[in-house]
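The entries follow in the order I checked them.

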Amino acid sequence: MANAPTRILGLDPGLRRTGWGVVVAEGSRLRWVAHGVVSPPERAPFSERLLFLLEAVGQVCTDHGCDEAAIEEVFVNMNPASTLKLGHARAAVMLAPARCGLSVAEYAPNLIKKAVVGAGHADKSQIAFMVKRLLPAAGDVTADAADALAVAITHAQLRKRALLAGAA
């Protein structure tokens, strides 16, 4: 059903800070539920940081009764080692909702920016501004949480289009 309330978890993966945001999509309406940032201990071994991400994001899924999840795709960095580590973090973050039985959609950064701001090359301040406008109850959010909420907003918009197209 296109109008059934759906709790969507948006994720902006990172090894140091992973932003998350939960919204409820009901038809064309969006409602903010919660947001935050998961920060693994910086001095912990790499494997423990990944496990921390997996467990913390899994707890967010459980705590907020999420129905679906969406994650930002990795962009390729100039430093291959950094890109690989980010890929590991993204995998841990992506596995957490899958482990909870949620489907996980993936969106390119430019698509997220275009869906939320209207321009594929928007900067973080523009994203935060539009997230605040679209979800005023969220208040001021950090860049990581704003990016995660933007992922959730994008998923809500695109899943609604897919549901409507499927019904036609």
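Entry 1, cysteines. Which cysteine sulfur is closest to the sulfur of Cys-61, and how far away is it? I was working with a predicted model. I found the closest one in Cys-100, at 4.4 Å. A disulfide needs the two sulfur atoms within 2.5 Å, so this separation is too far for a bond. I looked from the other end as well: for Cys-100 the closest cysteine sulfur is that of Cys-61, at 4.4 Å, again too far for a bond. My count of disulfides for the structure is 0.

Is Cys-61 buried or exposed? I noted 3% relative accessibility for Cys-61, which counts as buried; the limit for buried is under 20%. Cys-100 came out at 36% and counts as partly exposed.

I wrote down the strand order as E3-E2-E1-E4-E5, an open sheet of 5 strands with mixed pairing. Which strands stand at the edges? They are E3, residues 29-38, and E5, residues 103-107. Each has a single partner strand, so one side of each is left without a neighbour in the sheet.

I then looked at E1 (residues 6-12) against E2 (residues 18-26). They pair in the antiparallel sense, over 7 bridges. Which residue of E2 is the bridge partner of Gly-10? I found Gly-21 there.

Technical notes
Residues are numbered from 1 along each chain as its sequence is written. This is a predicted model: local features need pLDDT of at least 70, side-chain atom pairs count only at pLDDT 80 or more; totals for chains, interfaces and linings use all residues. Side-chain values use heavy atoms; hydrogens and water are left out. Buried means under 20% relative accessible area, exposed over 50%, partly exposed in between (1.4 Å probe, protein chains only). Two strands pair if DSSP finds at least two bridges between them. Helices (H or I, at least four residues) and strands (E, at least two) are DSSP runs, numbered from the N terminus.
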